[in-house]
Amino acid sequence: MPRPERTRVMCVANQKGGVGKTTTTVNLAVALALHGNRVLVVDLDPQGNASTGLNVPHHTGVPDVYDCLIDSVPLAEVAQEVEGIPNLWCVPATIDLAGAEIELVSVVARESRLNRAIEAYPGHFDYVFIDCPPSLGLLTVNALVAAQEVLIPIQCEYYALEGLNQLINNINLVRQHLNPKLAVSTILLTMYDRRTRLADAVEQDVRNHFGDKVLQAVIPRNVRVSEAPSYGQSVMTYDPGSRGATSYFEAAQEIAERGAKEPVNRNA
């Protein structure tokens, strides 16, 4: 896959839970890393599911992203190499992160702590993926300030469209006041069930509204995608021939090619 000219920092966000944010983060990161890109995954969700999916230790006591945000520990000291996947590193999240929302309130420059940590990283990455919690609190704001691009996974169900306006409004607020470079660059349709008219209707609505920001690749409902995390793997390594794996590969290829062709910082 083509490598971008400079680091692309992508925030995977949607305040609705269960739309496939973590699954998308893990599988896109693995797909890009397996095809020659240097990738860093920052797990910003206190549940630590991205850390689980990449089989990275994240029990209490493990240095994690909380230490970077609250105690200014360098990101390089907490990033772990992902076993079996060359060119892929992960900054894990432990349960300590659950208290970070409250502790960050009194911290100086609280919205830009993650941005500073990423900018101070001594190595070069082609991609940095930030997996956000399902909320619009200070952790997600930190991710939006650190990123240049927002990737929004949208579940192909009616409720998925309900909260999208609020997310777009928040992204616009962050762009106006904290990070003028931020843009919604990518929309990915997930959990697509071709047997239902609803999935088709949601897809048409999303494509009509967001145009070419919506990837052509669509992620189907696939049991292999759900099974993979229980083995501490991405679906890319668990079952490379499954529909889920091939769909995520196509999505990663599309993201890589778009980044190679177009300037990264474009208006949403």
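V12 stands opposite L151 in β6. Strand β1 (residues 8–12) is joined to β6 by 3 bridges, and the two run parallel. This is a predicted model, in which local features need pLDDT of at least 70, side-chain atom pairs count only at pLDDT 80 or more, and totals for chains, interfaces and linings use all residues. Residues are numbered from 1 along each chain as its sequence is written, and side-chain values use heavy atoms, leaving out hydrogens and water.

**The sheet**

- An open sheet of 7 strands is arranged in the order β3-β4-β2-β5-β1-β6-β7, and its pairing is mixed. Two strands pair if DSSP finds at least two bridges between them.
- At the edges stand β3 (80–81) and β7, each of which pairs on one side only.
- Strands (E, at least two residues) and helices (H or I, at least four) are DSSP runs, numbered from the N terminus.

**Helix α10**

- Helix α10 (residues 197–210) has 14 residues and reaches 20 Å from its first C-alpha to its last, close to the 20 Å expected at 1.5 Å a residue. The expected span is 1.5 Å times one less than the number of residues.
- Its buried residues are A199, V202, E203, V206, R207 and F210. Buried means under 20% relative accessible area, exposed over 50%, and partly exposed in between (1.4 Å probe, protein chains only).
- Seen down the axis of α10, the buried residues fall within an arc of 130 degrees, so they line one face of the helix. The arc is that of the directions from the helix axis to the C-beta atoms.
- On the other side of α10, R197, N208 and H209 are exposed.
- The cover over the buried residues of α10 includes β6 (149–155), α8 (158–162), α9 (164–177) and β7 (183–190), where contact means heavy atoms within 4.5 Å.

**Aromatic rings**

- The whole structure holds 4 aromatic pairs. Rings of Phe, Tyr and Trp (its six-membered ring) pair if their centres lie within 6.5 Å; planes under 30 degrees apart count as stacked, over 60 as edge-to-face and the rest as tilted.
- The ring centres of Y121 and F125 are 5.0 Å apart and their planes stand at 55 degrees, so this pair is tilted.
- For Y231 and Y238, the centres are 5.1 Å apart and the planes at 20 degrees, so the pair is stacked.
- Y231 is exposed, with a relative accessible area of 54%, whereas Y238, at 23%, counts as partly exposed.
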